[in-house]
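Open the model in your viewer and keep the selection tool at hand. This tour goes stop by stop, saying what to select and what is there.

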Amino acid sequence: MTSAGHAIARQSEAKFKKDFPIAFVVVAICTACAVFLRSRVAITNIAMIHLLGTTVVSVSCRRSVAILSALAGVASFYYFSVPPWNSFVLEDNSYFVILITTLTVSLVITTLTIKIRSQTARALEREERTRYLYQLIRSLSSETDVMGAARTAATTLGEIFEARVSIFLVDEQNSLADRVDTAEDANSPEIESEKAQAILDARERITDMLRNGQRIDLRFGIPLICAGSAVAILFLTPTDRERLNDPEQMHFLEALCDQIAAAIARVRHSAAVQEAESEIQAERTRNALLNAVSHDIKTPLASIYGAATTLLEEEARLNSESRHELVQSISDEAERLNKVVNNLLEMTTLDAGLQARKEWRPLEEIVGAALTRFEGPLQNRPVRTHIADDLPWICVDDVLLEQVFVNILENAMKYTPAGTGIEIDASRKGPNVIISIRDHGSGLLPGDESRVFEKFFRGKTEGARGVGLGLAICRAIVHGHGGTIAAENASGGGALFRMELPIGGVPPHVGLIPEATLT
């Protein structure tokens, strides 16, 4: 019986101590009424009074008291209400039928009432067990680690059975691992550890005993088995050891143990799956990085090595124009290599945790700084910028946000034909600022709208070189500022990158830059 069930049982035991006084009072009242009415109403009506008293006692008292009360009521009816009154002499045999009928009906009412009450009590107990089982399953379903599941199980079992609970976890090598105990001053953990280790060999026998409802000493442990393997050993020591002698209680304990074992196994398997997925993802990242490094670092290094070797070996036979071309090639490839290495280092830094140093800055200044870095390549491209007049200063890390513009602009120049234009627009939307950068190329391939922000992803690669980290860096920086970034194909052609960044509060007056840096 559960703790709540035992509380009800204790209340019932205290109430049953008052059964005899209650039964005596009810029989006395029925007798008094019968004596008062015996000369005024028919004898069958007086019999109904005693049947009513029998029903009241059957509902209120235990079985033995109810039966004695029914017999006493019939005897009282016979003595006080059946002529001749105040005597057990039966002058008219026709009254014998009334007596037998009254006695039979009284016993039937008593038996049926007590049976219904017993069924109700069992139904309430089954409902309580179901509620406890649901509570345990719900609590275990929210646990994500084995120790947390074991602690939840131990606490819940301790509350249900009013017992001290110890759980020894079993690792994959069938050896004891961690231990959870509901008692703060748990004694003799070494002895229990020896018992737990020994019980692993006898787990099948003890499990069969539990299924058969046999009486066992729970202090010697119960193996928690899932899919044929023991995941833990349970020690349960109730305050009242007689509590678990009932076979139904043992079956209830077995159901709880099955749920605990399944939960521990589920959490353990989930952790293993997550670890495997992390290893797979890490392996994919390493492979993508190696592929990027092998091509985008090896190629410029080979170009630099070839140009430098030519300068060393053929210096005497090269004219000034050829030497200048080779030096320019070394410079261009070194710059490309520097960009690749910087992107790799920056992506590593962002993965470790973005530390944005935010300050109030005008967006025009950040956009202008990014465009200045491409002053040469953008000479043959029309660039249009439109920043709304009502756009206030924004609280951002201007260096990081400038890098976002640089990466998107570089991406636009890399994947669009020469001479096509680039448009930059910015406007305010409530507490946020909306920034869009559009090119006039062929746009994004179907399905690449979200994939372009993945690490090492490169879309159309005809003649384009790069590691595939530029847009991934943009997403990390924008998310680090609490914003969003998305890519789509513009209605008139070309790719459109849209960012939404929070302004960051109430901007200062124009011309006043706060001394303190906001973080």
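**Stop 1: the cavity lining**

Start with the lining of the largest cavity, whose residues divide into three nonpolar, five polar and no charged. The model is a predicted one. Select Val 26, Val 27, Cys 30, His 50, Gly 53, Thr 54, Ser 69 and Gly 73 to show this lining. Which helices supply it with at least two residues each? They are α2 (19-37), α3 (43-60) and α4 (63-81). Colour the three helices separately and the lining residues can be followed from α2 to α3 to α4.

How much space lies inside the largest cavity? About 40 Å³. A search of the whole structure for cavities of 30 Å³ or more finds one.

**Stop 2: a surface patch**

Now show the surface. Select Phe 20, Leu 68, Leu 71 and Leu 107, which form a nonpolar patch there. Together they have about 350 Å² of accessible area. Pick out Leu 107, a residue of helix α5 (residues 94-141). Leu 107 has a relative accessible area of 31%, so it is partly exposed.

**Stop 3: along helix α5**

Stay on helix α5 and select Arg 129 and Glu 125. Their side chains meet in a salt bridge, at 2.7 Å from N to O. The two residues are four apart, about one turn of the helix.

Gln 249 belongs to helix α9 (residues 247-296). At 0% relative accessibility, Gln 249 counts as buried.

**Stop 4**

How many salt bridges does the structure hold? Eight. Side chains of opposite charge can pair when their charged atoms come close.

Select Glu 359 and Arg 361. Their side chains form a salt bridge of 2.5 Å, N to O.

Move on to Asp 425 and Arg 384. A salt bridge joins their side chains, with 3.2 Å between N and O. This pair links distant parts of the chain, 41 residues apart. Asp 425 sits in strand β8 (residues 422-429), and Arg 384 in strand β6 (residues 383-387). Asp 425 has 22% relative accessibility, so it counts as partly exposed. Arg 384 also counts as partly exposed, at 38%.

**Last stop: a network**

Finish by selecting Glu 359, Arg 361, Glu 365 and Asp 398 together. Salt bridges that share partners join these four residues into one network. Glu 359 and Arg 361 return here from the previous stop, where their side chains meet at 2.5 Å.

Methods: Residues numbered from 1 in each chain as written. Predicted model: local features only at pLDDT ≥ 70, side-chain atom pairs only at ≥ 80, totals over all residues. Heavy atoms only, no water. Patch = residues over 30% accessible without salt bridge, like charges linked within 9 Å, V, L, I, M, F, W, Y side chains within 5 Å. Areas by Shrake-Rupley, 256 points an atom, 1.4 Å probe, with all protein chains shown as cover. Buried < 20%, exposed > 50% of the residue type's maximum accessible area, 1.4 Å probe, protein only. 1 Å grid on protein atoms, 1.4 Å probe; cavity = no way out; pocket = protein on both sides within 12 Å on 5 of 7 lines; lining within 4 Å. Points joined across faces, edges and corners; volume = space filled by probe spheres on them. Nonpolar A, V, L, I, M, F, W, Y, C, P; charged D, E, K, R; others polar.
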